[in-house]
Amino acid sequence: MVTLTINREEHKLDVPNDMPLLWALRDVVKLTGTKFGCGMSLCGACTVHVDGQATRSCVTPVSSVEGKSVTTIEAIEMDPIGRRVQEAWLDLGVAQCGYCQGGQIMNATGLLKQNANPSDQQIDDAMSGNLCRCGTYTRIRQAIHRAAEAGEKRA
Amino acid sequence: MNRSSDSLILENVSRRSFLKGLAAGSALVLAAKWDLALAQQEKPYGAEAMPGGWVDDPNVFIRIDEDGTVTIVNHRAEMGQGIRTSLVMVAADELGADWQRVRVEQAPGNHDKYGNQNTDGSRSMRHWFDPMRRAAAAARTMLEQAAAQRWGVPVDECQAGVHVVVHEPTGRKLAFGELARTARELPVPERSTLTLKPREAWRYLGKETGPQQNVTGDKVQRPLAIDGQEIVTGQAVYGADVGFDDMLYAVVARPPIYGAEVASVDQTEARKVPGVVDIRQIDGTRQPGGFEPLGGVAVLAENTWAAIQGRNALKIEWDNGPAGDNASYDTRVFTEELMQRAESAGQVIRSEGDIESALGNAETRVQASYYMPHMAQAPMEPPVAIARMSDGHAEVWAPLQNPQAAHDGVAQRLGLEPNAVTVNVTLLGGGFGRKSKPDFVFEAAELAKAYKGRAVRVQWTREDDLHHAYFHALSVDRLEAGLDAGGKALGWRHRTLSPSISSLFAEDPMHKGNFELGMGFNTLPFNIPAIQLENPPASAHVRIGWFRAVYNLSHAFAIQSFVAEMAEAAGRDHRDYLLELLGPAREINPQAVGDDWNYGESPDLYPIDVGRLRGVVEKATAEAGWGKQRPAGRGMGLAVHHSFASYAAVVFDVEVQDDSSLIIHSTDIAFDCGPQVNPERIRSQMEGACVMGIGIALQSEITLEEGRVQQDNFHQYEFARMRHAPRAIRVHLINDNPDIAPGGVGEPGLPPVAPALCNAIHAATGKRIRRLPVGNQLS
Ligand code: FES
Ligand code: FES
């Protein structure tokens, strides 16, 4: 039995300790916004926040996040930066198929938490672990700048 | 009727048998003017030539509730191209619906009811713009008739506005919702009585979408992307997001070599994995494998992780005998064989003028061979399907480009009547051709048969997806040209070698079919006195399938790279030389150059328009500032291609630094698809094509040794990441002309990208790339 705090709610899960958080979220807790893309920390589709840090859930055993706070795409709008990122995504029509975008938004939110106004280069460095087969990168870059600007206005 | 006189001209035309939808028994159809020519052809073209054809019955696609909610049924697959938004824009605009009160419902697979649903070939707008408008115009007419009845006035005094019908003489209004019940009971009007809205009356079509940002004077609430909100909040439902409480989670160990079979399996350790419920064999099919499962061993479990762990613990011996020489397939060896074979003549596809004397008399001869590897579509969402069989009924949920193929295959496989099978189409997390082949659905159906009453989900891992894709065909293209003393082209010989997709369905034909040659090979639009096109044989040793833009990729890469090589040999500017090869603006009948396929479209409505090719070249180069002096290490490259009835030209501005790293400063894409329904989504398709094309140029390659794919996951099969994306992609849409037939959008942006980038690399470094991907060739 593993006890996890997910989106501020406590869940007791009857799963093996080494089950990746991704599958616990998707198959057990039934939070399906977090996606499977590679299972090897190569694509970022499965990105969640663990104590506010962008984390690849596909290589994160559930036991390692006990006692920590897990946030998924379903709840990132409760975070003011997350909300701004989502809005910027909608404003610029970033998504194509959308499958990677939950992970992109979680990763971008993690970036903006650490660096409120990243440069293009810093965005490229921070976001290059998140694959998008539809090729939405140029809009993602713009949307991150836009969310950063929106944050400055509000600050 | 109180209508603008320049509404689209509609005319009666006689139509052949399988017409369905409207006014049963009527042999009359009203068609917008580009349909007219279609119907007069003997051979069916366009939507009419597709299984299921088209339907324009408003009762199939449009439902209006009494509270005013308008539900529009989208029957095409949404995979990021935005069809759920764009097709709904078409219907909503023609109907006069207010976007705020429109919702979309996804149709299950049923082409008898909805018409063709196979979402590939960049066909959705080509085939559905007109029928969807007619369906909405009929629904609008029914609302006007209902209002006339209610008020007891002549119908031509009643005109639909935005979500209301207005009695023009008195200004009285009835909302769509108030009229819904009456309108629903009315007979569907004959097509001959319908009028389509003139372009000036369009509120959504051709206009920008997305959140409104201070667009002055534009009072219309712009349509928002249908699934946008759900996507950014994690609520959008893709294949693997469909689940049931008692569902079994399955993964399958498939034979690593195409055609191999299970010899023996030791399940002992796998059964010990906690959560593993059962292990079952699935039968496969030898080559030609079609859409059938590859076979193998399924592990069913209580969750995906347990299933994966269980599969890891299986010990399987494979029998490679049935795979034949696929078991020795080595792409490196095969490529060299094709390179050799390209030195000799092959089956002649097109021959004009005397090629031998044109090449023999040339002052300069240019010759080059190009290679493009196998690639996997690798949509971010790997294949996945859920199936459940109960009480003689089977139901499927899956991300499908071609739900009808899934439907028919499931019915046949499970021995069910067609109406005992329901195929629900989820959002697709990317398709790119992979999800037009429903092999993964049939795996789920096989397992569901064994666990009646229980849903079974088959999840492919990324390794499964890369090992068992329907691969883009490896290709070798050899080109040779003869130039006169002034550099003018006298002769052009092109030999193309690739396995054919037809090898999926029948004995390997060893040659490309018309639908493959017609993708930019025999349709060569150049003005050269002697042209010789040949297709020597090449065999298939893996499943070959459609990959976004398909054979256009290799043909465009070779031809557009070679033109740059010719220009260099002639000492000419590439752009000027390309325009000279294209020659004067003119329309080429595809049939006249041996292409009787033409993407299934009428050659009269969709000729190869050299003027439009020239137009995109001129636009892209002008916008990019072609001809500017570039500093050392910096260069521009150009390519143009016609495919899927549209025209695209791409210019890259790149820099290769001393440490051989490549910087893509900007990309200019000029695109002409004729009339533009949703310009914002057209631009996003071009941007996506640009980025995907960069990955094709620089990174993506599937290789095989001893019949096995060598790439397991994204560390070995790579495509563009954020750091490869241009700082700027500028898309220039031109020729938004409602008088020409609409072209495709999803695929035609892709073919010119890789050659334009390689031409830019050459301009920057002098290094000519003839084998893709570039990989580490720059160091
Ligand atoms: S699924 Fe976790 S990084 Fe790809
Ligand atoms: S939007 Fe489709 S994979 Fe990123």
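Here are some questions and answers about this predicted model.

Q: Why is Asn598(B) called buried?
A: Its relative accessible area is 5%. Buried means under 20%, so Asn598(B), at 5%, is buried. Asn598(B) sits in the loop between strand 23 (587-588) and strand 24 (608-609) of chain B.

Q: What makes Asn735(B) partly exposed?
A: Asn735(B) has a relative accessible area of 31%. You can find Asn735(B) in the loop between strand 30 (728-733) and helix 20 of chain B.

Q: How do you know that the peptide bond from Gln287(B) to Pro288(B) is cis?
A: Look at omega, which is near 0° for this bond. Most peptide bonds are trans. Pro288(B) belongs to the loop between strand 11 (276-282) and strand 12 (296-301) of chain B. The bond from Leu772(B) to Pro773(B) is cis too, with omega near -5°.

Q: How do you know that domain 1 and domain 2 of chain A touch?
A: Contact means heavy atoms within 4.5 Å. By that rule, 16 residues of domain 1 of chain A are in contact with 14 residues of domain 2 of chain A, so the two domains touch.

How values were computed: Residues are numbered from 1 along each chain as its sequence is written. Chains are lettered from A and ligands numbered from 1 in the order in which they are written. This is a predicted model: local features need pLDDT of at least 70, side-chain atom pairs count only at pLDDT 80 or more; totals for chains, interfaces and linings use all residues. Side-chain values use heavy atoms; hydrogens and water are left out. Helices (H or I, at least four residues) and strands (E, at least two) are DSSP runs, numbered from the N terminus. Buried means under 20% relative accessible area, exposed over 50%, partly exposed in between (1.4 Å probe, protein chains only).
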